[in-house]
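The notes follow in the order in which I checked things.

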Amino acid sequence: MTKIIKCAYCNGIGKDPFELHSSISNCHACNGTGQIEVDEPIHKCIYCNGSGINPIGAKISCMVCNGKGFNHYISDIVCDKCKGTGKWTDGWPCSHCNGIGFL
Ligand SMILES: [Zn+2]
Ligand SMILES: [Zn+2]
Ligand SMILES: [Zn+2]
(Lines give C-alpha, C1' and ligand atoms only; values in the text may rest on other atoms or scores of the structure.)
(Ligands and ions follow the chains in the order given, each with its own letter.)
Protein backbone atom coordinates (compact mmCIF):
# COMPACT_ATOMS: atom_id res chain seq x y z
CA MET A 1 0.00 0.00 0.00
CA THR A 2 1.34 3.38 -0.96
CA LYS A 3 0.24 6.37 0.99
CA ILE A 4 0.58 10.07 0.12
CA ILE A 5 1.74 12.22 2.99
CA LYS A 6 2.59 15.86 3.37
CA CYS A 7 6.29 16.50 3.00
CA ALA A 8 7.67 17.11 6.50
CA TYR A 9 10.79 18.93 5.37
CA CYS A 10 8.98 21.79 3.61
CA ASN A 11 5.70 21.34 5.48
CA GLY A 12 3.87 20.74 2.22
CA ILE A 13 4.97 24.04 0.68
CA GLY A 14 7.33 22.50 -1.89
CA LYS A 15 10.17 24.97 -1.30
CA ASP A 16 13.38 24.33 0.55
CA PRO A 17 12.67 25.64 4.09
CA PHE A 18 16.18 27.04 4.43
CA GLU A 19 16.20 28.88 1.12
CA LEU A 20 12.95 30.78 1.35
CA HIS A 21 14.62 33.93 0.01
CA SER A 22 15.19 32.35 -3.37
CA SER A 23 11.77 31.15 -4.35
CA ILE A 24 13.16 29.00 -7.15
CA SER A 25 14.65 26.52 -4.74
CA ASN A 26 12.38 23.51 -4.74
CA CYS A 27 12.33 21.16 -1.80
CA HIS A 28 14.51 18.22 -2.75
CA ALA A 29 12.71 15.86 -0.39
CA CYS A 30 9.49 16.04 -2.42
CA ASN A 31 10.82 17.61 -5.65
CA GLY A 32 8.67 20.64 -5.00
CA THR A 33 5.36 18.82 -4.97
CA GLY A 34 4.81 19.18 -1.23
CA GLN A 35 3.76 15.55 -1.09
CA ILE A 36 5.62 12.32 -0.66
CA GLU A 37 4.72 8.76 -1.49
CA VAL A 38 5.59 6.20 1.13
CA ASP A 39 4.96 2.49 1.40
CA GLU A 40 2.94 1.39 4.36
CA PRO A 41 3.47 0.65 7.17
CA ILE A 42 5.01 4.02 7.95
CA HIS A 43 6.32 5.23 11.26
CA LYS A 44 7.37 8.66 12.37
CA CYS A 45 11.11 9.05 11.85
CA ILE A 46 12.60 8.65 15.31
CA TYR A 47 15.86 10.26 14.29
CA CYS A 48 14.43 13.67 13.35
CA ASN A 49 11.25 13.24 15.39
CA GLY A 50 9.16 13.56 12.25
CA SER A 51 10.47 17.02 11.33
CA GLY A 52 12.37 15.85 8.24
CA ILE A 53 15.23 18.14 9.26
CA ASN A 54 18.66 16.83 10.15
CA PRO A 55 18.83 17.10 13.97
CA ILE A 56 22.61 17.56 13.93
CA GLY A 57 22.07 21.17 12.97
CA ALA A 58 23.12 21.41 9.35
CA LYS A 59 20.48 22.97 7.13
CA ILE A 60 19.81 19.78 5.26
CA SER A 61 17.14 17.14 5.29
CA CYS A 62 17.24 14.22 7.68
CA MET A 63 19.74 11.59 6.54
CA VAL A 64 17.51 8.79 7.74
CA CYS A 65 14.14 9.62 6.18
CA ASN A 66 15.46 11.98 3.45
CA GLY A 67 13.15 14.70 4.70
CA LYS A 68 9.97 12.65 4.60
CA GLY A 69 9.57 12.66 8.38
CA PHE A 70 8.49 9.02 8.15
CA ASN A 71 10.23 5.74 7.62
CA HIS A 72 8.95 2.52 6.18
CA TYR A 73 9.74 -0.59 8.19
CA ILE A 74 7.95 -3.66 9.38
CA SER A 75 10.12 -4.73 12.30
CA ASP A 76 9.09 -4.20 15.90
CA ILE A 77 12.47 -5.28 17.24
CA VAL A 78 14.05 -2.30 18.98
CA CYS A 79 17.68 -1.76 18.03
CA ASP A 80 19.83 -2.79 20.98
CA LYS A 81 22.78 -0.62 19.92
CA CYS A 82 20.99 2.74 20.11
CA LYS A 83 18.14 1.54 22.34
CA GLY A 84 15.64 2.60 19.70
CA THR A 85 16.70 6.24 19.60
CA GLY A 86 18.28 5.93 16.12
CA LYS A 87 21.26 7.97 17.32
CA TRP A 88 24.76 7.36 18.53
CA THR A 89 25.96 9.41 21.49
CA ASP A 90 27.57 11.86 19.03
CA GLY A 91 24.23 12.47 17.34
CA TRP A 92 24.92 10.63 14.09
CA PRO A 93 22.50 7.96 12.88
CA CYS A 94 23.04 4.53 14.36
CA SER A 95 24.79 2.39 11.77
CA HIS A 96 23.25 -0.78 13.16
CA CYS A 97 19.65 0.18 12.35
CA ASN A 98 20.48 3.04 9.93
CA GLY A 99 18.89 5.51 12.33
CA ILE A 100 15.47 3.94 12.20
CA GLY A 101 15.61 2.60 15.76
CA PHE A 102 14.28 -0.81 14.75
CA LEU A 103 16.03 -3.74 13.16
ZN1 LIG B 1 9.10 19.00 0.52
ZN1 LIG C 1 14.01 11.71 9.68
ZN1 LIG D 1 20.22 1.57 16.21
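Is Asn11 buried, exposed or partly exposed, and why? I found 15 C-beta neighbours inside 10 Å of Asn11, so the residue counts as partly exposed. For the record, the model is predicted.

**Confidence.** I looked up pLDDT next. The protein chain has a mean of 92, and 96% of its residues reach 70 or more. Strand β2, residues 35-39, has the lowest confidence, at a mean of 91. Strand β3, residues 42-44, has the highest, at 94.

**Backbone.** I went back to Asn11 for its torsions. Its phi is near 60°, a positive value in a residue other than glycine. I placed Asn11 in the loop between β1 and β2.

I noted a positive phi of about 60° for Asn49 as well, and Asn49 is not a glycine either. Asn49 sits in the loop between β3 and β4, the latter covering residues 70-72. I counted 14 other C-beta atoms within 10 Å of Asn49, so it is partly exposed.

I then checked omega. The peptide bond that joins Glu40 and Pro41 is cis, with omega at about 0°. Pro41 belongs to the loop between β2 and β3. I logged these entries because most residues other than glycine have a negative phi, and most peptide bonds are trans.

**Ile5.** I picked a strand residue for comparison of sequence and space. Ile5 lies in strand β1, residues 2-6. How far apart are Ile5 and Phe18 in sequence and in space? I read 13 residues in sequence and 21 Å from C-alpha to C-alpha.

I listed the contacts of Ile5 without residues up to four places away in sequence, and got Gln35, Ile36, Val38 and Phe70. Ile5 has 15 C-beta neighbours inside 10 Å and therefore counts as partly exposed; a buried residue needs 20 or more.

**Core.** Which residues have the most contacts inside the largest nonpolar core? I noted Cys7, Tyr9, Ala29, Cys45, Cys48, Cys62 and Val64. The core has 21 residues.

Leaving aside neighbours within four places in sequence, I found Cys48 in contact with Ile53, Asn54, Pro55, Cys62, Val64, Cys65 and Gly69. Among these partners of Cys48 are Cys62 and Val64, which are also on the list of core residues with the most contacts. As background, I wrote down that nonpolar side chains tend to be buried together in soluble globular proteins.

Conventions:
Residues numbered from 1 in each chain as written. Chains lettered and ligands numbered in written order. Predicted model: local features only at pLDDT ≥ 70, side-chain atom pairs only at ≥ 80, totals over all residues. Helix = DSSP H or I, 4+ residues; strand = E, 2+ residues; numbered from the N terminus. Buried ≥ 20, exposed ≤ 12 C-beta atoms within 10 Å, placed from the backbone. Contact = placed C-beta atoms within 7 Å. pLDDT = per-residue confidence, 0-100. Core = buried A, V, L, I, M, F, W, Y, C linked by C-beta atoms within 7 Å.
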